[in-house]
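Open the structure in your viewer and keep the selection tool at hand. The tour goes from stop to stop, saying what to select and what is found there.

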Amino acid sequence: MNALFTPVMAGKLRLQHRVVMAPTTRMRTDKGGVPGDLMVEYYRQRTSLGGLLIAEATAISPFANAYADAPGIFNPAQQAGWKRVVDAVHEQGGQIVLQLWHPGRQSLPELSEGQAPVAPSALIAQDTYGMVKNEDGTYEGKLFPEPRALEEREIVGIIAAFGLAAKRAKAAGFDGVELHAANGYLPEQFLLDGSNLRRDKWGGSLANRTRFLLQVVTALIDVWGAGRVAVRISPSGIYGDMRDSDPASTFCYLAEKLNDSALAYLHIIEPRIVGPEDRDSGYYAEPIASHQLRAFYHGTIIAAGGFKPEAAEQMLAAKDADLIAFGRLFTANPDLPVRIQYGYPLTPYQRETFFGGNGHGYIDFPTWQP
Ligand SMILES: Cc1cc2nc3c(=O)[nH]c(=O)nc-3n(C[C@H](O)[C@H](O)[C@H](O)COP(=O)(O)O)c2cc1C
């Protein structure tokens, strides 16, 4: 394993290797979406050899959340909790960016101050579930109700809320922020014509459908400057009941537009993956991967989705991406970069403990002892 262990710049992030921890929602915050001791330990354990961690999807607003015990970054307590996480990662010599998240139509009123979900258009995400917590501490899947179409002044308000969250992330000491524009959440709901039927300047043409995403990026860069803001997309993803009449044109257009933004990196989920799962059947006839978008986007690319170490090396050798993010493997292998570098065996992940619970299946995976 060589190519993964060469240094690289991702915008202004100077990284010692190319094994990135993908953002993974684990539903382990303390009360009120505040990162606590469990999360500090989880991220500390996963920092090795001077690499990059992408912290899990984090709500930018109290009015839009999909998963109980998912973190937020919209109040001082959450900011202080995240600072503890960031400090632990920095002490280990790693870097960490925060994934900023507005789930839009994938929100549950129970987790969103009673507010109905909002979206570009009043189109429900069919067959898609969030997760609430019962009084006995168990979690339960819940279908998302029909969303309300956003008024224009609300759209502007959400863009401003992204900016405020970016300020809090900066104050917490993060090394940058990643906009979650993948997996059927609000920025992607604006982007795809299957979820955006608007006829104002926020819908219709490609320029209009990309407007929300690009304006959020601008708001984040206003706070962070160049080279510390990133975007995650899932161009072949159908998670969240997503569809587009011409995904290749949509995502190539977006990729090209993002050249103007001086991002840290563009993070692309490869076609093998739908949300947190492997895909067994495709929706799009011609899936779009990093390989295609490379021709349109000229900055640093992180590819994610179904990678084993060998495939990651091949991806770098083919120059289809610059770094590789690992999700599920990182859950069970806190020292994943070390294991890959030295060829140590990998521990299989435990799906049962992915979402919610205590330290079991979260911070009790050992590092490899040769
Ligand atoms: C438990 C779990 C939680 C996830 N949470 C997030 C998330 O918060 N944000 C995100 O962009 N992707 C999330 N994903 C998707 C992963 O980042 C990644 O794209 C996916 O797991 C495929 O990569 P892998 O094959 O290396 O696991 C999650 C996946 C899993 C398994």
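Predicted model: local features only at pLDDT ≥ 70, side-chain atom pairs only at ≥ 80, totals over all residues.

**Stop 1: helices H1 and H2**

Select residues 37-45, which make up helix H1, together with residues 76-91, which make up helix H2. The two pack at an angle of about 25°, and their axes are 8 Å apart. H1 and H2 are therefore roughly parallel to each other. The crossing in which H1 passes H2 is right-handed.

Now show the side chains at the contact. On the H1 side, select Asp37, Met39, Val40, Tyr43 and Arg44. On the H2 side, select Trp82, Arg84, Val85, Ala88 and Val89. How many residues of each class are in the contact of H1 with H2? Seven are nonpolar and three are charged, with no polar residues.

Stay on H1 and colour Met39, Val40, Tyr42, Tyr43 and Gln45, which are buried. What do the buried residues of H1 pack against? Their partners are strand S3 (19-21), strand S4 (52-59), H2, S5 and helix H10 (328-332).

**Stop 2: aromatic rings**

Across the whole structure, a search finds 12 aromatic pairs.

For one of these pairs, select tryptophan 101 and tyrosine 185. Their rings are 5.5 Å apart centre to centre, with 85° between the planes, an edge-to-face arrangement. Tryptophan 101 belongs to strand S5 (residues 95-101), while tyrosine 185 is in the loop between strand S10 (176-180) and helix H4 (186-191), so the pair ties together parts that are 84 residues apart in sequence. Are the two residues buried or exposed? Tryptophan 101 is buried, with a relative accessible area of 1%. Tyrosine 185 is also buried, at 5% relative accessibility.

**Stop 3**

Select isoleucine 155, which is found in helix H3 (residues 152-171). Isoleucine 155 is buried, and its relative accessible area is 0%. Which residues does isoleucine 155 touch, leaving out those up to four places away in sequence? They are Leu150, Phe190, Arg198, Trp202 and Phe212.

Next, show all of H3 with helix H6 (residues 211-224). These helices pack at an angle of about 35°, and 9 Å separates their axes. Their crossing is right-handed. From H3, the contact takes in Ile155, Ile158, Ile159, Phe162, Gly163, Ala166, Lys167, Ala169 and Lys170. From H6, select Phe212, Gln215, Val216, Ala219, Leu220, Val223 and Trp224. By class, the residues of this contact are 12 nonpolar, two polar and two charged.

**Stop 4: loop residues**

The remaining selections are in loops.

- Lysine 31 is in the loop between S3 and H1. This lysine is exposed, with a relative accessible area of 78%. From lysine 31 to valine 338 the C-alpha distance is 33 Å, and the two are 307 residues apart in sequence.
- Glutamate 113 is in the loop between S5 and strand S6 (118-119). Its phi is positive, about 55°, although glutamate 113 is not a glycine. With a relative accessible area of 57%, glutamate 113 is exposed.
- Alanine 295 is in the loop between helix H8 (290-293) and strand S15 (301-304). A relative accessible area of 57% makes alanine 295 exposed. Glutamate 256 is 39 residues from alanine 295 in sequence, and their C-alpha atoms are 8.7 Å apart.
- Lysine 319 is in the loop between helix H9 (309-317) and strand S16 (323-326). Lysine 319 has a positive phi of about 60° and is not a glycine. Its relative accessible area is 61%, and lysine 319 is exposed.

Note on methods: Residues numbered from 1 in each chain as written. Heavy atoms only, no water. Axes fitted to C-alpha atoms, helices over the stretch in contact; angles between N-to-C directions. Helix = DSSP H or I, 4+ residues; strand = E, 2+ residues; numbered from the N terminus. Parallel < 35°, antiparallel > 145°, perpendicular 65-115°, else oblique. Left-handed = near helix turned anticlockwise from the far one by under 90°. Contact = heavy atoms within 4.5 Å. Nonpolar A, V, L, I, M, F, W, Y, C, P; charged D, E, K, R; others polar. Phe/Tyr/Trp six-rings, centres within 6.5 Å; stacked < 30°, edge-to-face > 60°. Buried < 20%, exposed > 50% of the residue type's maximum accessible area, 1.4 Å probe, protein only.
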